[in-house]
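Biologist: I am new to reading protein models. Could you walk me through one, feature by feature?

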Amino acid sequence: MAKPQLCPELTLQGYARAMNLTDRETQVLQGLWAGLSPEEIARDRGVALSTVRSQLSTLRAKIGAKDLKGVMHRVGMLPPLVHVLCGQV
């Protein structure tokens, strides 16, 4: 699966906004995209694993994916944003 190559943070933020993800759900999505496990995300954020799992559950429902692989597939299919949006001309 191909990751967005241009402005991945901006691409994820735009997708999260379009999917009406909360700030916390967006942080979880960013962690997943960075290759972190749910356990690592929980540890890094200083929350219980059950909290991250709950956020993953609502994130999957909002995105319409049945599992984490489906979430990552949908994000991997996003088109990269143009250089101008990143301030690179």
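Predicted model: local features only at pLDDT ≥ 70, side-chain atom pairs only at ≥ 80, totals over all residues.

Biologist: What is the mean pLDDT of the chain, and where is confidence lowest and highest?

Modeller: pLDDT is the predictor's confidence in each residue, from 0 to 100. Here the chain has a mean of 83, and 81% of its residues reach 70 or more. Confidence is lowest in helix α6 (residues 83-86), with a mean of 49, and highest in α3, at 96.

Biologist: How many helices and strands are there in the chain?

Modeller: Both are DSSP runs, numbered from the N terminus: helices are H or I with at least four residues, strands are E with at least two. This chain has six helices and zero strands, so from the N terminus on you read α-α-α-α-α-α.

Biologist: Which residues of helix α5 are buried?

Modeller: Buried means under 20% relative accessible area, exposed means over 50%, and partly exposed is in between (1.4 Å probe, protein chains only). Of the 89 residues of the chain, 33% count as buried. In helix α5 (residues 68-76), the buried ones are Gly-70, Val-71, Met-72, Val-75 and Gly-76.

Biologist: What do the buried residues of α5 pack against?

Modeller: Look for contacts, meaning heavy atoms within 4.5 Å. The buried residues of α5 pack against α1 (8-18), α2 (23-33) and α4 (49-63). The N-terminal end of α5 is capped by Asp-67, with a side-chain oxygen 3.3 Å from the backbone nitrogen of Lys-69. That is a polar contact: a pair of N or O atoms within 3.5 Å; within protein, one must be able to donate a hydrogen and the other to accept it, and residues adjacent in sequence count only if both atoms are side-chain atoms.

Biologist: Which residues in the largest nonpolar core touch the most other members?

Modeller: In soluble globular proteins, nonpolar side chains tend to be buried together. A nonpolar core is a set of buried Ala, Val, Leu, Ile, Met, Phe, Trp, Tyr and Cys residues joined through side-chain atoms within 4.5 Å. The largest one here has 19 residues, and Val-28, Leu-29, Leu-59, Val-71 and Val-75 touch the most other members. The elements giving two or more residues to this core are α1, α2, α3 (38-45), α4 and α5. Not counting residues up to four places away in sequence, Leu-59 touches Leu-21, Glu-25, Val-28, Leu-29 and Val-71.

Biologist: How many salt bridges does a search of the whole structure find?

Modeller: A salt bridge is a side-chain nitrogen of Lys or Arg within 4 Å of a carboxyl oxygen of Asp or Glu. The search finds two. In one, Glu-25 pairs with Lys-62, and the closest N and O atoms are 2.9 Å apart. Glu-25 lies in helix α2 and Lys-62 in helix α4, so the pair ties together parts 37 residues apart in sequence. Glu-25 is buried, at 5% relative accessible area, while Lys-62 is partly exposed, at 35%.
In the other, the side chains of Arg-53 and Glu-39 meet at 4.0 Å, N to O. Arg-53 is partly exposed at 48% relative accessibility, and Glu-39 is partly exposed at 41%.

Biologist: Is Thr-26 buried or exposed?

Modeller: Thr-26, found in helix α2, is buried, with a relative accessible area of 7%. A polar atom of the Thr-26 side chain lies 2.8 Å from the backbone oxygen of Thr-22. Leaving aside neighbours within four places in sequence, Thr-26 is in contact with Gln-13, Ala-16 and Leu-21.

Biologist: What is the phi of Asn-20?

Modeller: Most residues other than glycine have a negative phi, and most peptide bonds are trans. Asn-20 has a positive phi of about 60 degrees although it is not a glycine. Asn-20 sits in the loop between α1 and α2 and counts as exposed, at 60% relative accessibility.

Terms used:
Residues numbered from 1 in each chain as written. Heavy atoms only, no water.
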